[in-house]
Amino acid sequence: MYFTLSNILQLFPIILRGRLLVGGVFLATLAAAAADNPDDRVRLNQIQLVGTHNSYHAGIAPSDSQLWLHSKPEIYQTLDYRHASLTRQLESGVRQIELDVFSDEKGGLFAHPLGPKMVADSGLPPDPDFDPDHVMEKPGFKVMHIQDFDYRSVCQPFTACLAEVKSWSDAHPNHLPIFILIENKDEPLNLGLPTATPEPFTTARFDALDAEIASVIPRGKMITPDDVRGTAKSLSAAVRHHHWPTLAEARGKLVFLMDQKHVTKLYLEGHPALKGRLLFTNAEPGAADAAFIEVNDNHPDQIAALVRQGYLVRTRTDEGTIEARKNDISRRDALMASGAQILSTDYPASEPATSGYQVAFPGQRSSRCNILLAPKSCRDDRLEK
């Protein structure tokens, strides 16, 4: 029997009535059973999870969509997906979310996107106000896909997204760890149009990003690079020697990951091997900061090799709605078999494509024991509680 704290508390009245063994025999047996927690034998990198790509993406509003379909139908096709609220995604079993963040130190940089003006100029009916509470006018990191054109999010600003995740997590303290992938964005569009020019990310802005995360998520609710590294000289050495926390240590916690590789040097500045940082970088294998690696270009054998070395790997099972439109599951199934721990999709089981395409493990599960690494004691039906 698998004993939880609630199981044990429920047995206390029976013990007091003398209906079980006395003399300490039962208590010793009970303690041994409680100590034999399956979560103590499964590590964070020994499971597989379904996550969502661009989890904040609320879709493009009707009149904006008409403009896209008229001018750039091939691009619109890649953007034609949407997600439910973060709460609903987590409730359905999603355990990795992705948030694209733009720096907005003074506020207002993205408060007046070009899309609504283009809709008005085209004589189309106005779309619903994307910012009725004027959140975009206030300072702080903002969450969206493409400034001026694909700017609607299921949560805003970044801290509100984090607060929503924390609220759900606090209400479900035994959940599997939730991975939050952060994609920092600062590329100008260069279209010859009056679009917003994002603020470039610097080491100071990454300090501010860490500070915003810490303002919402308590340190004890996160698994950070410091936790994984321990006394090892590097993160790479730590994960190669199985220093990932166990599920018993990771339940109810959040893990922050960085999507963009080109800013790694900025994020590492003053923080060798990510000491004191909150996010795990998308690193090169063997580097001092290497614990998490993205492989999104469909190389199952490469992924399997990295997973076996101890790295945490995220990959995408579908991209640009291509697989979903054809209900092509070949890429999905190959990547599931690769052992990648995080499988990101636009179509979790709770949000299937019209073709029927969706991403779930057998039995419509959103998590399972890792087919390459999990110990024999790991059971899929015990992962979510």
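Modeller: Helices (H or I, at least four residues) and strands (E, at least two) are DSSP runs, numbered from the N terminus. This is a predicted model: local features need pLDDT of at least 70, side-chain atom pairs count only at pLDDT 80 or more, and totals for chains, interfaces and linings use all residues. Residues are numbered from 1 along each chain as its sequence is written, and side-chain values use heavy atoms, leaving out hydrogens and water.

Colleague: How many residues of strand β4 are buried?

Modeller: Buried means under 20% relative accessible area, exposed over 50%, partly exposed in between (1.4 Å probe, protein chains only). Ile178, Ile180, Ile182 and Asn184 point one way from β4, Phe179, Leu181, Glu183 and Lys185 the other way, and all are buried. For residues 178-185, the count is 8 of 8.

Colleague: Which residue in β4 is the bridge partner of Ile97?

Modeller: Two strands pair if DSSP finds at least two bridges between them. Strand β2 (residues 96-102) runs parallel to β4, joined by 7 bridges. In β4, the partner of Ile97 is Ile180.

Colleague: Which residue in β6 stands opposite Leu181?

Modeller: β4 also pairs with strand β6 (residues 254-258), in the parallel sense, over 5 bridges. Opposite Leu181 stands Leu257.

Colleague: What is omega for the cis peptide bond of Gln156 and Pro157?

Modeller: Most residues other than glycine have a negative phi, and most peptide bonds are trans. Pro157 sits in the loop between β3 (142-143) and α7 (158-171). The bond from Gln156 to Pro157 is cis, with omega about -5°.

Colleague: What is the relative accessible area of Asn54?

Modeller: Asn54 has a positive phi, near 45°, yet is not a glycine. Its place is the loop between β1 (47-52) and α3 (62-71). Asn54 is buried, with a relative accessible area of 1%.

Colleague: What is the phi of Leu274?

Modeller: Leu274 lies in the loop between α12 (264-268) and β7 (279-280). Leu274 is buried, at a relative accessible area of 0%. Although not a glycine, Leu274 has a positive phi of about 70°.

Colleague: How many nonpolar residues are in the contact of α7 with α8?

Modeller: α7 and helix α8 (residues 203-216) pack at about 35°, axes 9 Å apart (axes are lines fitted to C-alpha atoms, for helices over the stretch in contact; angles run from 0 to 180 degrees between N-to-C directions). Contact means heavy atoms within 4.5 Å, and Phe158, Thr159, Leu162, Ala163 and Lys166 in α7 meet Leu209, Glu212, Ile213, Ser215 and Val216 in α8. Ala, Val, Leu, Ile, Met, Phe, Trp, Tyr, Cys and Pro count as nonpolar, Asp, Glu, Lys and Arg as charged, and the others, Gly among them, as polar. By class there are 2 polar and 2 charged residues, and the nonpolar number is 6.

Colleague: Which helices are included in what covers the buried residues of α3?

Modeller: In α3, the residues Ser63, Asp64, Ser65, Leu67 and Trp68 are buried. The cover includes α4 (73-79) and α6 (114-121).

Colleague: Is the disulfide of Cys155 and Cys161 right-handed or left-handed?

Modeller: A disulfide is a pair of cysteine sulfur atoms within 2.5 Å. Cys155 and Cys161 are joined at S to S 2.0 Å, and both are buried. The torsion about their S-S bond is about 100°, so the disulfide is right-handed.

Colleague: What is the torsion about the S-S bond of Cys369 and Cys378?

Modeller: Cys369 and Cys378 are joined at S to S 2.1 Å. Each of the two is buried. This disulfide is left-handed, because its torsion is about -85°.
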